[in-house]
Amino acid sequence: MNTQQAGLIAICAALVADQFSKAIVAMYAYRLSDGLPVFPGFNLTFLRNDGVTFGLFGDVPWWTLTIIAFVVCGLIAMMLWRTTQRHEAVAYGLIIGGAVGNIIDRLRFAAVTDFLDFYVGNTHWPAFNIADVTIVTGVALLFVAGTVKPSTAT
């Protein structure tokens, strides 16, 4: 498997995991709208976020956010195409797959489906989804790979 194929597999894995999880959540939206406790500190819920992270830019039209996401995906796809490092290709693939998952939601619902709700006491972290997890994981992989240098000891 070449480097770009690893990136394509990461795109597909992120996209399938995201869309599958959102489909399941949407099927049970009626049950999850008030939150379903899973364990202390974590609920499953059903929300539509018309903004971006933390609900920022909720007043921006959905199609504007979609166009920006398409452009960013295109730029990252160029980076994926050019990289010779497999870990970078996988990281770029996770970012693209997650972004495309959220683009699909914006095209279908003019908002993104969020359902993972972590909290401490009465303080809740903003709900998020698997696409967000794959995007953050991809960025973290790029960060860690960029900060960890191979040993030059002999």
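The predicted model contains an open sheet of 4 strands in the order β1-β2-β3-β4, with antiparallel pairing; two strands count as paired if DSSP finds at least two bridges between them. Because β1 (36–39) and β4 (123–124) stand at the edges, each with a single partner strand, one side of each is left without a neighbour in the sheet. Strands (E, at least two residues) and helices (H or I, at least four) are DSSP runs, numbered from the N terminus. Residues are numbered from 1 along each chain as its sequence is written. As this is a predicted model, local features need pLDDT of at least 70 and side-chain atom pairs count only at pLDDT 80 or more, while totals for chains, interfaces and linings use all residues; side-chain values use heavy atoms, with hydrogens and water left out.

Strand β3 (residues 112–120) is joined to β4 by 2 bridges, and the two run antiparallel. Here Val120 stands opposite Thr123 in β4. Helix α4 (residues 86–109) packs on the sheet and touches β2 and β3, its direction making about 120° with that of β3. Helix α1 (residues 3–27) lies across β2 (42–49) and β3, at about 85° to β3. These angles run from 0 to 180 degrees between N-to-C directions, with axes fitted to C-alpha atoms, for helices over the stretch in contact (heavy atoms within 4.5 Å).

A closer look at one residue follows. Thr45 is found in strand β2 and is buried, with a relative accessible area of 7% (buried means under 20%, exposed over 50%, partly exposed in between; 1.4 Å probe, protein chains only). Its side chain reaches the backbone oxygen of Leu32 at 3.3 Å. Beyond neighbours within four places in sequence, the contacts of Thr45 include Val25, Asp114, Phe115 and Ala127.

Conventions
Polar contact = N/O pair within 3.5 Å; in protein donor to acceptor, adjacent residues only side chain to side chain.
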